[in-house]
Amino acid sequence: MNTQDTILQGLLNNTTVGQTDITKHMLLLWAQALEPSIKDGLEVGLAISQLVYDGYLVKLNPNQKPIYFERVQ
């Protein structure tokens with residue numbers, strides 16, 4: 001399983017549609033629980049961006065830190 005698939009699996013296992021308190025750190029922790037070799041970095045950021053593009057997540061406050069996401073699928 002690649003990084004994006006692992007992050008998606010962690011998202012689907014740990015959240016419900018409409019949940020709005022999801023952060024990058026939470027996504028990383030859930031993915032690492034499934035695949036301990038995943039490290040924070042460019043690959044994780046790109047995978048999360050792809051999940052936003054694919055419609056699984058929506059950025060709620062892109063100009064603030066931490067960025068919160070809403071699960072929409």
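1. Met26 counts as partly exposed, since its relative accessibility is 24%. On this scale, buried means under 20% relative accessible area, exposed means over 50%, and partly exposed lies in between (1.4 Å probe, protein chains only). Met26 is located in helix α2; helices (H or I, at least four residues) and strands (E, at least two) are DSSP runs, numbered from the N terminus. Between Met26 and Ile7 the C-alpha to C-alpha distance is 9.9 Å, although 19 residues separate the two in sequence.

2. The model is predicted: local features need pLDDT of at least 70, side-chain atom pairs count only at pLDDT 80 or more, and totals for chains, interfaces and linings use all residues. Residues are numbered from 1 along each chain as its sequence is written, and side-chain values use heavy atoms, with hydrogens and water left out.

3. Which residues of α2 are buried? They are Leu27, Leu28, Trp30 and Ala31. These residues lie on the same side of α2, because they cover an arc of only 165° around the axis; the arc is that of the directions from the helix axis to the C-beta atoms. An α-helix has 3.6 residues a turn, so residues three or four places apart point the same way. His25 and Ala33 are exposed on the other side of α2. The buried residues of α2 pack against α1 (3-14), α3 and β1, where contact means heavy atoms within 4.5 Å.

4. How many salt bridges does a search of the whole structure find? It finds one, a salt bridge being a side-chain nitrogen of Lys or Arg within 4 Å of a carboxyl oxygen of Asp or Glu. The side chains of Lys24 and Asp40 form it, at 3.2 Å from N to O. Asp40 lies in the loop between α2 (24-34) and α3 (42-54) and Lys24 in helix α2, so the pair ties together parts 16 residues apart in sequence. Lys24 is partly exposed, at 34% relative accessibility.

5. Asn61 belongs to the loop between β1 (57-59) and β2 (69-71). With 14% relative accessibility, Asn61 counts as buried. Its side chain reaches the backbone nitrogen of Tyr68 at 2.7 Å. Leaving aside residues up to four places away in sequence, Asn61 touches Pro66, Ile67 and Tyr68.

6. Val58, in strand β1, is partly exposed at 34% relative accessibility. Together with Leu60, Tyr68 and Val72, Val58 makes a nonpolar surface patch of about 290 Å². Patches are made of residues with over 30% relative accessible area and no salt bridge: like charges are joined within 9 Å, and nonpolar side chains (Val, Leu, Ile, Met, Phe, Trp, Tyr) within 5 Å. Accessible areas come from the Shrake-Rupley method with a 1.4 Å probe; for residues, only the protein chains shown count as cover.

Notes:
Polar contact = N/O pair within 3.5 Å; in protein donor to acceptor, adjacent residues only side chain to side chain.
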